[in-house]
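Hi,

Here is the structure I promised to pass on.

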Amino acid sequence: MQFHHHGYVSGDPRVQPAAGTGIDRPDELPDEVDVLIVGTGPAGMITAAQLSQFPGVTTRIVERRPGRLAIGQADGIQARSVETFDAFGFAERIISEAYRITEMAFWKPDPADPSRIHRAARAVDDPTGVSEWPHLIVNQARVLDYFAEYMANAPARIRPDYGYEFAGLTVDDDAEHPVSVRLVRTAGERAGEERVVRAKYVLGADGARSKVREAIGCTLAGDQANHAWGVMDVLAVTDFPDIRTKCSIQSEAGNILLIPREGGHLFRMYVDLGEVREGDNGAVRATTIEQIIAKANEILHPYVLDVKNVAWHSVYEVGHRLTDRFDDVIAEELGTRTPRVFIAGDACHTHSAKAGQGMNVSMQDGFNLGWKLGHVLDGRSPESLLATYSAERQVIAQNLIDFDREWSSLMAAKPEELGDPTELEDFYVRTAEFPAGFMTQYPPSLLVGEPANQDLATGFPLGKRFKSPMATRVCDGNPVHLGHHAKADGRWRIYVFADAASPGESAAVADLAEWLEHAPESPIVVSTPEGADLDAHFDVKVVYQQPHTEVDLGAVPSVFRPRVGPFGLIDQEKVYAADPADDVFEARGIDRGGAIVVVRPDQYVAHVLPLGAKDTLAAFFAPILGARRTTTV
């Protein structure tokens, strides 16, 4: 972590200096904003957190509750989300307080006595080592707390505006702030008072019953709910031996998904309440906590669950639904106008909770949209960038629903209904990469290049997230994860994997470096405002094939050692070498002739190119960056 480049910092380095809209930020919600976010759930908060790094953008986030969420319903944190938390600077802290899932136990009817359950199998949670980050359980409220802390400490100093409920909107494309949003106060002396806020863009992250979705005419379509589950977070005394292990429990009486919670004693149970009768009209939701506990004991036989305290409980019906679009541009208008209103998270896709996908996919919705809004409003990119949000995320949501439909059906099945006794655990192991969040792959588009040169870096598939490799930082000899330096600062990453020649002898690297730093068509030159640091909008790193002891920093081109801050200090932490114990070139299938790997601000691989493909690199960025910036925001 670097933080002294603007002068000595004696306090918490996570508190960045206020800038732009963060200086003297008004407490009262203003009449005009650039971005108005409705809802402080995971999708809304990560979007606000990303936009907090754009102090030239006025962002406000409103919430109908009077204050922070105390108890959240979601709790599963997949490895991709932890990877994302690292970009926002709180992965290690949230890991320290979370429950870590390392394996899953599968309990089934005992063949010797089917009225009793027994442990039939165990499965490792990440059998292929898809990520260096763990699979966690931690309450959604804590995730939101960390995002709130991040954006309050960021340059834009964003804080939620509590006590405002969305009441409707209208769009006038000819206005400077085209979206007029009606809000109603829900708390305090002015409760019931209505006001209008005008915005350039609006994000509806207001949940499954989204009023923003309704206002732009989006509809949820899909399966009706047909199976009910009781869910409870409890403290209990029990003789069930795997109470602190994630478990799938199938018995003749029904099924349970057991999730140990953070803190060492609390655990969650999803208890099978059976098929929902036709014409039920929601009556199953009146199932009492006593009935849920009784059903759990019936399923757990011969073990006993003596519940001492209930922290939270609910009843829900499994349904799988997806909106027809993620923004306000109807099919007939595609390509003719800019989207002004977006929806994300549960407002777009609903499914079961048992695969732990809702919060995780919602955050990736927000991460995808946040940097795009920031780039457009900051003047870095044209408005056409915003159309890629719905195009990219709707496909991912459909994949999620397809996966969850199969997973939830297996979870609800009776043992005798399975074609193979090991079908559930086999599915869990076989599909581990999907729920972990790493099967997302965006197709070629404005933001993802064609795979003509994929063979140069087979371990960095185009459109998939940049899987962090190990490398040695040359300046201090520290082995580090290269991807862990990619923070949620809105910058593009260009990783130059050098050919076999050493610094000072590689003509290909020297030529590319000179072009990146000085050529008029270089994306760095095009994007960087006059007077800004060279790495203001692009983070450019080089990885050499030699051991770090053989890399002469003095011979490394200056684009990889840029001068930063008011003192023109040299950033020494952009030069890396292959770690002899874990060679990145071998680990990620990188051609020994070298390669360029371009990574988006949301950590997805955008392009793989040979070292000499300067024209192709310029052509890729030309429609994304637009004209050269002339002022610093």
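Over residues 440-625 the chain is 18% helix and 20% strand, with the end C-alpha atoms 25 Å apart. Helices (H or I, at least four residues) and strands (E, at least two) are DSSP runs, numbered from the N terminus. An unreviewed UniProt entry annotates that stretch as "domain: Phenol hydroxylase-like C-terminal dimerisation"; such annotations may be inferred rather than shown by experiment, and their positions are in the numbering used here.

Bear in mind that this is a predicted model: local features need pLDDT of at least 70, side-chain atom pairs count only at pLDDT 80 or more, and totals for chains, interfaces and linings use all residues. Residues are numbered from 1 along each chain as its sequence is written, and side-chain values use heavy atoms, leaving out hydrogens and water.

As for the whole protein chain, there are 13 helices and 27 strands. Its C-alpha trace spans about 75 × 60 × 50 Å along the principal axes. Of the 633 residues, 57% count as buried (under 20% relative accessible area, 1.4 Å probe, protein chains only).

The search of the whole structure turned up one cavity of 30 Å³ or more, meaning a set of points on a 1 Å grid over the protein atoms alone where a 1.4 Å probe fits but cannot get out. The largest cavity has a volume of about 100 Å³, counted as the space filled by probe spheres set on the points, which are joined across faces, edges and corners. Its lining has 13 residues (an atom within 4 Å of a point), and Glu83, Phe466, Gly483, His484 and Gln603 lie nearest the centre. Helix α2 (residues 79-87) gives the largest share of that lining, three residues.

Cheers

Technical notes: On a 1 Å grid over the protein atoms alone, a cavity is a set of points where a 1.4 Å probe fits but cannot get out, and a pocket is an open set with protein on both sides within 12 Å along at least five of seven lines; lining residues have an atom within 4 Å of a point. Buried means under 20% relative accessible area, exposed over 50%, partly exposed in between (1.4 Å probe, protein chains only).
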